[in-house]
Amino acid sequence: GNDMEPITRYPNLSNEELFLGAPVGFVSSLTLHDSADEATSHLHLAISYVSMFLQDHANGTQQFALSTTVTQPGSAGSAVFLPSGDIIGVVVRTVALRAGCKDCQVPSYDLPVVAPILPLISDIRAVLAGRVRATV
């Protein structure tokens, strides 16, 4: 049946820093083109590795690109988790990587970009504990 168990435990927020080569996972939605006129969306569990440091110049923060996964442009919003299940970041955007631009018709490879939660972990925990109201 459709009997769902109530949620009794939420993932922990990690105190760890991301590093090159760290294995992580995230969830996304991939659109598959079944025919020229039809497309369907599917839930996708991605297992990936931190592969590149990126600087978010607008906010002055460090971000990280992930590789060895499939993603589509515009994918963002998923929690990024360690093999333990602890949350370590959030997918905030994708960047397009081209194999070479001599022929710009070459398809791009979209890398998900992660913002780590560690710089904000105290604030996140305060909001989750109800000690501070979240503002948008």
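The model is predicted. Its largest pocket holds about 230 Å³ of space. The elements giving two or more residues to the lining of this pocket are strand S3 (61-67) and strand S6 (108-116). S3 provides the largest share of that lining, with three residues. The lining is made up of Asn-59, Thr-61, Gln-62, Gln-63, Ala-115, Pro-116, Ile-117, Pro-119, Leu-120 and Ile-124. By type, these lining residues divide into six nonpolar, four polar and no charged.

**Overall fold**

The protein contains one helix and six strands, and their order along the sequence is β-β-β-β-β-β-α. Taken along the principal axes, the C-alpha atoms fill a box of roughly 55 × 50 × 30 Å. The protein has 136 residues, of which 31% count as buried. Among contacts between residues at least 6 apart in sequence, 48% join residues at least 24 apart.

In soluble globular proteins, nonpolar side chains tend to be buried together. The largest nonpolar core in this model has 13 residues, and those touching the most other members are Leu-18, Val-24, Phe-26, Val-50, Leu-66, Val-80 and Ile-88. Strand S1 (23-33), S2, S3 and strand S5 (87-98) are the elements that give two or more residues to this core.

Leaving out residues up to four places away in sequence, Ile-88 touches Ser-14, Glu-16, Glu-17, Leu-18, Val-24, Val-80, Phe-81, Leu-82, Pro-116 and Ile-117. Leu-18, Val-24 and Val-80 in that set of contacts are also listed among the core residues that touch the most other members. Pro-116 and Ile-117, also touched by Ile-88, belong to the lining of the largest pocket.

**Gln-63 in strand S3**

Gln-63 lies in strand S3 and is one of the residues lining the largest pocket. Is Gln-63 buried or exposed? Its relative accessibility is 5%, under the 20% cut-off, so Gln-63 counts as buried. The side chain of Gln-63 makes a polar contact of 3.0 Å with the side chain of Arg-93. Apart from neighbours within four places in sequence, the contacts of Gln-63 are Met-52, Phe-53, Leu-54, Asp-56, Val-92, Arg-93, Val-113, Val-114 and Ala-115. Ala-115 in this list is another residue of the pocket lining.

**The loop between S3 and S4**

Two residues of this loop are described here. Thr-68 sits in the loop between S3 and strand S4 (79-81). Most residues other than glycine have a negative phi. Phi of Thr-68, however, is positive, near 60°. Thr-68 is exposed because its relative accessible area, 53%, is over 50%.

Thr-71 belongs to the loop between S3 and S4 as well, but Thr-71 is buried, with 9% relative accessibility. Leaving aside residues up to four places away in sequence, Thr-71 touches Leu-30, Thr-94, Asp-110, Leu-111 and Pro-112.

**Asp-110 and Ala-96**

Asp-110 is part of strand S6 and is buried, with a relative accessible area of 11%. Beyond its neighbours within four places in sequence, Asp-110 is in contact with Thr-71, Gln-72, Pro-73, Thr-94, Val-95 and Ala-96.

Ala-96 is located in strand S5. At 58% relative accessibility, Ala-96 counts as exposed. Its contacts, not counting residues up to four places away in sequence, are Ser-108, Tyr-109 and Asp-110.

**Ser-41 in strand S2**

Ser-41 lies in strand S2 (residues 39-56). With a relative accessible area of 52%, Ser-41 is exposed. Not counting residues up to four places away in sequence, Ser-41 touches Ser-29, Leu-30 and Thr-31. Leu-30 is also among the residues touched by Thr-71.

**C-alpha separations**

| Pair | Separation in sequence | C-alpha distance |
|---|---|---|
| Ser-41 and Pro-6 | 35 residues | 27 Å |
| Thr-71 and Val-27 | 44 residues | 9.9 Å |
| Ala-96 and Pro-112 | 16 residues | 9.1 Å |

How values were computed:
Residues numbered from 1 in each chain as written. Predicted model: local features only at pLDDT ≥ 70, side-chain atom pairs only at ≥ 80, totals over all residues. Heavy atoms only, no water. 1 Å grid on protein atoms, 1.4 Å probe; cavity = no way out; pocket = protein on both sides within 12 Å on 5 of 7 lines; lining within 4 Å. Points joined across faces, edges and corners; volume = space filled by probe spheres on them. Helix = DSSP H or I, 4+ residues; strand = E, 2+ residues; numbered from the N terminus. Nonpolar A, V, L, I, M, F, W, Y, C, P; charged D, E, K, R; others polar. Buried < 20%, exposed > 50% of the residue type's maximum accessible area, 1.4 Å probe, protein only. Contact = heavy atoms within 4.5 Å. Core = buried A, V, L, I, M, F, W, Y, C linked by side-chain atoms within 4.5 Å. Polar contact = N/O pair within 3.5 Å; in protein donor to acceptor, adjacent residues only side chain to side chain.
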